[in-house]
Amino acid sequence: MNDLQDAQKTPQTHGSTKSSWNTHVKQIVLTILLVLLPLTYLSVYYPLKQALEQEVLKNHYLITSANAQVIQQFLQRSKEGAESLSSRSMIRKWLADYLNGEVSWDDLQSYTTPKYLDGAGALTSIAYAGRWVRGQALVETHADTAPQDRVFPQDHAHLFEHSHETQVFLSESQKLAGIYSPILFQGELLGYDLIFARLYLPLQQLCTPCTQIEILPGTARDTSWLENGYALTAHSIPA
């Protein structure tokens, strides 16, 4: 009788031991997983994430640098066009004669206007071109679709009384780039040309549904384009 009771108790003890062993194995496996997860994150996922972020930033910088080159080339072409207009020898000589009292204003204007308009017409992406002498417009031309945007103050003559260097300015809305180009003859400043280039055209072409281009006042670290205190910046538009 006692042997039968002992035989009945043995399976219960064996089942209890097996259950305890399974629990212990599960705890070990769980502990290993808890240890492996952060190790996997630190050794695989995190370095991969960092590499991908660096690659995205690198590509973004390359795209921004390329965009900066486009803007820089646009402004350089606009500056060269303005300087070419200011260096036309015949109308510059007539301007010198006027300042020496040898030619009247009306004669100077009649002679200069067609030649100046011909030269300004050869420039691309121009919204305005004008020749200024002693604070007075000698000849001007406006594009019909030019945006109403201020680049220079109305009394801009005092800004350039003694400036012998070509300068670039941005309008208040950044739609136009204004170029001041001095008219020099034998080292003397005779007057100047003002050119308004349509800066919004290349900016529109560079913007995408995911990226917009802005030109901000100030300086920027690692910038690839800086002009007269303005730096090019590009950033992604949040979805």
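Helices, of at least four residues, and strands, of at least two, are taken here as DSSP runs numbered from the N terminus. On this basis the protein chain of the predicted model comprises four helices and eight strands. Their order along the sequence is α-α-α-β-β-β-β-β-α-β-β-β. The protein chain has 239 residues, of which 32% are buried. Its accessible surface amounts to about 15,200 Å², with 55% of this area belonging to carbon and sulfur atoms. Where contacts in the protein chain join residues at least 6 apart in sequence, 55% of them are between residues at least 24 apart.

The largest nonpolar core contains 23 residues, and I71, L75, Y116, I195 and L199 have the most contacts inside it. Two or more residues of this core are supplied by each of α1, α3, β1 (126-133), β3 (167-170), β4, β5, α4 (200-206) and β6 (211-217). Helix α1 provides the largest share, five residues. Another core, of 11 residues, lies apart from the largest one and includes L95, Y98, L99 and L190.

Helix α1 spans residues 2-86 and contains S78. With a relative accessible area of 8%, S78 falls under the 20% limit and is therefore buried. The side chain of S78 reaches the backbone oxygen of F74 at a distance of 3.0 Å. When neighbours within four places in sequence are set aside, S78 is in contact with I179 and A197.

In helix α2, the buried residues are I91, L95, A96, D97, Y98 and L99. The buried residues of α2 pack against α3, β1, β4 and β5. Helix α2 is followed by G101, which has a positive phi, near 80°.

Aromatic pairing was examined next. The structure holds four aromatic pairs. In the pair of Y180 and Y192, the ring centres are 5.3 Å apart and the planes meet at 55°, so the pair is tilted. Here too distant parts of the chain are linked, with Y180 in strand β4 (residues 176-185) and Y192 in strand β5 (residues 188-198), 12 residues apart. Both Y180 and Y192 are buried.

Strand β1 contains Y128. The relative accessible area of Y128 is 6%, which is under 20%, so this residue counts as buried. Y128 takes part in two kinds of interaction described here. Its side chain is joined to that of W132 by a polar contact of 3.1 Å and to that of E140 by a polar contact of 2.6 Å. Beyond neighbours within four places in sequence, the residues in contact with Y128 are E140, T141, H142, L194, I195 and F196. The C-alpha atoms of Y128 and G178 lie 9.1 Å apart in space, although the two residues are separated by 50 positions in sequence.

Positive phi values also occur at residues other than glycine. R134, in the loop between β1 and β2 (136-142), has a positive phi of about 50° although it is not a glycine. The relative accessibility of R134 is 63%, over the 50% limit, and R134 is therefore exposed. Q186, in the loop between β4 and β5, likewise is not a glycine and has a positive phi of about 55°. Q186 has a relative accessible area of 74%, which again is over 50%, so Q186 is exposed.

Terms used. Residues numbered from 1 in each chain as written. Predicted model: local features only at pLDDT ≥ 70, side-chain atom pairs only at ≥ 80, totals over all residues. Heavy atoms only, no water. Buried < 20%, exposed > 50% of the residue type's maximum accessible area, 1.4 Å probe, protein only. Polar contact = N/O pair within 3.5 Å; in protein donor to acceptor, adjacent residues only side chain to side chain. Contact = heavy atoms within 4.5 Å. Phe/Tyr/Trp six-rings, centres within 6.5 Å; stacked < 30°, edge-to-face > 60°. Core = buried A, V, L, I, M, F, W, Y, C linked by side-chain atoms within 4.5 Å. Areas by Shrake-Rupley, 256 points an atom, 1.4 Å probe, with all protein chains shown as cover.
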